[in-house]
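Here is a short briefing for a reader new to this structure. Look over the sequence and the model, then read the points below.

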Amino acid sequence: MKALAELYLQEIKTGVASMLQYRATLVIWLIGNVLEPLIYLVVWTTVARSTGGSVGGYGVLDFAAYYIVLMLVNQATFTWVMYEFDYRIREGTFSADLLHPVHPIHADIATNLSSKVVNLPFVVAAAAGLAAVFHPAFRFTPLAVAAFVPALVLAFLVRFLVDWTVALAAFWTTRVTAINQIHYMAVLFFSGQIAPLTVLPRPLQVVANVLPFRWTVGFPVELLLGRLTRAQILTGFAAQAAWLLAGALLVRVAWRVSVRRYSAVGA
Amino acid sequence: MRFLRLVAVFLRVGVMGEAAYPANFLAHIVDSALELGTALAGLALIFAHTATLGGWRSEELVALVGVYFLVGGVIGLVIQPGMEQLTESVRDGTLDFTLTKPEDAQLLVSVWRVEIWKLIDVGLGLVVLGIALARLGQRVGVAQAASFAAAILAGGVIVYSFWLILATTAFWLVRVENILVIFQSVYEAGRWPVSIYPGWLRFALTFLVPVAFAITVPAQALAGRLTRPVLFGAAAFAVALFGAARLFWKIGVRHYSGASS
């Protein structure tokens, strides 16, 4: 356990150092992560205004609050590991990682955390800027804020495990872009990014409850905004815990069958 | 004429290069279809709640998505690959060989790389446009079609000039490929009419990254909402920006001294 903690600390340090070298890449991800929620914020506030104020229980200022918090939560939980895996397997750079005596997912989690450390000031600044422009309706309660912290940590873990499992598809096919695109669509629709889930048609909401994506983005956002009843919050935590278990199991099984197929291209 | 012959040659080279990987065709179709499906599903979701978005009806926004794919396809077909190769050649000095060729170097770097799979996006964009037009019905007359053609031509010239200016900065800044990637991520904002964005963002999407001219203005023409001053403005901006890009390119080439020096 202590060894693992040291590993994380060291990986985060090197991660931050290398992120600071590739500043332009950071800016690109940052623009994408700010622009996308901003676009949907504008679209839905426009819709809310033209329908006389409210869509799916959200008014104009509620949409602004929703998407500003979503931007922060998405930034906190997002990973790019499936794009990285494609490259790793194709270029064969994964061979070296496989020789390490610890599971490679730890290095990935640490690198991801270090990108968050570096990005945090910019994302907070972007959120503050958007808040100044769109005057969101925030109504934080102490209970919601307290419950938000564990929900966000669980969301991060679940999203990482799910994304990592999806990324393992790169072991099986060299054409992962279609898989990544389907995964992106699922996240877009079922995590609450394209619209808050109460705006979706009923059948899609049911699907969203079953899939993991809602619990990785939409749930913490709605929780912090105080839109969930106590029972819904408990259900959400249960779903997150269930997906955490399922995700850990998935990663373990998928990893074991995938890594057996690995042969570095060019080797 | 020579221009068209050159384009045909590079297109043939592009086809020959990719014909070796026929399975890619299916993969690219799946990618493009998924992306289009996402865009249209998003529209369906929004128009389940409202009849118009910022004054645009659903079939008009479908037409806008068509323009988005069409223009995005053309950018991905020749403009982006060519300009990426340009920044690459400036960095490693292989632009030397291009500059010695007996053809206008700007013309060469503009068409020397063709990513033929992007024709799928162009085709899909045209199909979507066709469907949207059919649903718009009788209301698209000859005048509207003509102003659409003019608007999309102006938009194409503006986008091309914009990319050329960005890529030309490589003569001084050397590593600019990241700036090019940023354009790609901002282009996505063009899937919605720029009129819905707040003023500062609308300004940025019109003049800093000319998504408005490339997508919104042509789609407005189809919807019959393009006023004459805007169309003339777009045309004038296209001519001016093309001239500026040409001038900037000339200055850049004069500044260029090969990689080894």
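A helix axis here is a line fitted to C-alpha atoms over the stretch in contact, and angles run from 0 to 180 degrees between N-to-C directions. Helices (H or I, at least four residues) and strands (E, at least two) are DSSP runs, numbered from the N terminus. With those terms, helix α3 (residues 58-92) of chain B and helix α7 (residues 142-168) of chain B have axes that come within 10 Å and cross at roughly 20°.

This is a predicted model, in which local features need pLDDT of at least 70 and side-chain atom pairs count only at pLDDT 80 or more, while totals for chains, interfaces and linings use all residues. Residues are numbered from 1 along each chain as its sequence is written, and chains are lettered from A and ligands numbered from 1 in the order in which they are written.

**Chain A as a whole**

- Chain A has twelve helices and two strands.
- Along the sequence, the pattern of chain A is α-α-β-β-α-α-α-α-α-α-α-α-α-α.
- The radius of gyration of chain A, taken over C-alpha atoms, is 19 Å.
- Along the principal axes, the C-alpha atoms of chain A fill a box of roughly 65 × 40 × 35 Å.
- Buried residues make up 39% of the 267 in chain A. A residue is buried if 20 or more other C-beta atoms lie within 10 Å of its own, exposed if 12 or fewer, and partly exposed in between, with C-beta atoms placed from the backbone.
- Take the contacts in chain A between residues at least 6 apart in sequence: 80% join residues at least 24 apart. Two residues are in contact if their C-beta atoms, placed from the backbone, lie within 7 Å.

**Where chain A meets chain B**

- The contact takes 26 residues from chain A and 25 residues from chain B.
- On the side of chain A that touches chain B, the elements giving two or more residues are α2 and α8 (177-190) of chain A.
- The largest share of that side, eleven residues, comes from α2(A).
- By class, that side has 19 nonpolar, six polar and one charged residues. Ala, Val, Leu, Ile, Met, Phe, Trp, Tyr, Cys and Pro count as nonpolar, Asp, Glu, Lys and Arg as charged, and the others, Gly among them, as polar.

**Helix packing in chain A**

- Helix α2 (residues 23-50) and helix α3 (residues 60-77) of chain A have axes that come within 9 Å and cross at roughly 165°.
- α2(A) and α3(A) are therefore roughly antiparallel. Angles under 35 degrees count as roughly parallel, over 145 as roughly antiparallel, 65 to 115 as roughly perpendicular and the rest as oblique.
- The crossing of α2(A) and α3(A) is right-handed. A crossing is right-handed if the near helix is turned clockwise from the far one by less than a right angle, and left-handed if anticlockwise.
- Residues making this contact include A:N33, A:V34 and A:P37 of α2(A) and A:F63, A:Y67 and A:M71 of α3(A).
- The contact of α2(A) with α3(A) has twelve nonpolar, four polar and one charged residues.

**Helix packing in chain B**

- α3(B) and α7(B) are roughly parallel, and their crossing is right-handed.
- Among the residues that meet are B:V71, B:I75 and B:M83 in α3(B) and B:G156, B:Y160 and B:W163 in α7(B).
- That contact divides into eleven nonpolar, three polar and no charged residues.
- α3(B) also packs with helix α11 (residues 211-222) of chain B, at an angle of about 135° and with axes 9 Å apart.
- That makes α3(B) oblique to α11(B), and the crossing is right-handed.

- A:M71 lies in helix α3 and counts as buried, with 24 C-beta neighbours inside 10 Å.
- A:M71 and A:A127 are 56 residues apart along the chain, yet their C-alpha atoms are separated by 7.6 Å.
- A:E11 lies in helix α1 (residues 2-21) and counts as buried, with 20 C-beta neighbours inside 10 Å.
- A:H135 lies in the loop between α6 (104-134) and α7 (142-167). A:H135 is exposed, with 12 other C-beta atoms within 10 Å.
- Phi of A:H135 is near 45°, a positive value in a residue other than glycine.

Technical notes. Rg over C-alpha atoms; globule rule 2.2 N^0.38 Å.
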